[in-house]
Amino acid sequence: MAYWDALGRSLAAEDTKNRADYIADYLSCAGLDASVSRLPEGDLCAVTVPSSQQAEADRLMCSYYARQARMENERMSESYYREHCLARQPHFIPQEEKFRTDTHSSMLYTICGGIVFVLAVLHFLLMLRHRNPDDLRTCTLELLLACIFVLFGLSTQQKVRILQNKILEENSFTDGIIRWCTSTYSAEHIDKSIQAAEDTELTGPELAVRRRELIRDYILREYDISDAAYLDYITDTIYKKFYFPNSISGFSME
């Protein structure tokens with residue numbers, strides 16, 4: 001006879017220490033007197049409740065395991081989606097990211113060019129006093145390189161200014177698509193449309209693919225988008241807003 005039977009208690013679950021503690025907290029929040037104790041053999045722990053609460057504990061654990069299975073299916077769906085639908089798509093770089101990169105490059109080239117230019121001028125003036133032709137040729141080369149750096153930095157700044165306008169245009173266009181799609185459709189509508197079109201019940205990964213395809217079709221019905229990378233980017237953004245509004249990689253345990 002198990003020791004908990006002698007204490008007038010019943011076994012609710014067996015699991016690892018961390019999971020057993022979580023289960024005990026879950027049962028305790030429901031008003032049960034749950035406790036955790038390590039089993040004599042192995043690394044598992046037992047979660048026990050008073051024998052009078054066994055029926056309620058069984059009911060709660062059925063609900064707990066059903067929720068765990070649902071969460072696992074969601075994780076599998078997300079993993080399949082990320083691996084098979086996102087990893088192979090062309091890499092899309094939003095204009096804002098290009099803007100940050102080009103701004104950094106422009107500042108770097110301009111600052112480095114300015115420093116080299118100042119040093120080259122000082123070197124040139126110093127060598128001019130000594131009238132050394134070899135040193136003067138070296139200084140002239142330094143000045144030329146410095147000018148190239150500065151001019152390249154200035155030209156990059158012009159590109160940055162152009163990107164600023166593109167950022168506003170791109171953000172406005174992207175936000176318009178997202179607002180239109182999320183206000184016109186819902187996650188429930190998408191799932192019902194998929195179920196109506198399928199003869200058999202879809203698995204989690206299959207449903208994730210069908211959702212994404214339907215969102216992309218909806219977008220193309222209203223917007224003329226020829227850039228495949230941008231279409232995948234905006235489809236992924238809307239997909240996450242529908243099905244993973246908090247985080248596509250995070251699932252809370254309730």
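Analyst: Let's start with helix α7 (residues 204-222) and helix α8 (residues 228-243), whose axes come within 9 Å and cross at roughly 120 degrees (axes are lines fitted to C-alpha atoms, for helices over the stretch in contact, and angles run from 0 to 180 degrees between N-to-C directions). That makes α7 oblique to α8 (under 35 degrees is roughly parallel, over 145 roughly antiparallel, 65 to 115 roughly perpendicular, the rest oblique). On the α7 side, Ala208, Arg211, Arg212, Ile215, Arg216, Ile219 and Leu220 make the contact (heavy atoms within 4.5 Å). Facing them from α8 are Leu231, Asp232, Ile234, Thr235, Ile238, Tyr239, Phe242 and Tyr243. Sorted by class, the α7 contact with α8 has ten nonpolar, one polar and four charged residues (Ala, Val, Leu, Ile, Met, Phe, Trp, Tyr, Cys and Pro are nonpolar, Asp, Glu, Lys and Arg charged, the others, Gly among them, polar).

A word on the ground rules: this is a predicted model, so local features need pLDDT of at least 70 and side-chain atom pairs need 80 or more, while totals for chains, interfaces and linings use all residues. Residues are numbered from 1 along each chain as its sequence is written, and side-chain values use heavy atoms, leaving out hydrogens and water.

Helix α7 also packs against helix α6 (residues 187-197), at an angle of about 110 degrees with the axes 10 Å apart. The two are therefore roughly perpendicular to each other. From α6 the contact takes His189, Ile190, Asp191, Ser193 and Ile194, and α7 supplies Leu207, Arg210, Arg211, Leu214, Ile215 and Tyr218. That set divides into six nonpolar, two polar and three charged residues.

Now over to the sheet. Three strands form an open sheet in the order β1-β3-β2, with antiparallel pairing (two strands pair if DSSP finds at least two bridges between them; helices are DSSP runs of H or I with at least four residues, strands runs of E with at least two, numbered from the N terminus). β1 and β2 stand at the edges with a single partner strand each, so one side of each has no neighbour in the sheet. Neighbouring strands are turned by 35 degrees against each other on average, direction ignored. α2 packs on the sheet and touches β1, β2 and β3, its direction making about 15 degrees with that of β3.

Strand β2 (residues 35-38) and strand β3 (residues 45-50) run antiparallel, joined by four bridges. Arg38 stands opposite Cys45, and Ser37 opposite Ala46. These strands form a hairpin with six residues between them, and Gly42 in the turn has a positive phi of about 85 degrees.

Lastly, there are seven salt bridges (a side-chain nitrogen of Lys or Arg within 4 Å of a carboxyl oxygen of Asp or Glu). One of them joins Arg9 and Asp33 at 3.6 Å, N to O. Arg9 lies in strand β1 (residues 9-15) and Asp33 in the loop between α2 (17-29) and β2, so the pair ties together parts 24 residues apart in sequence.
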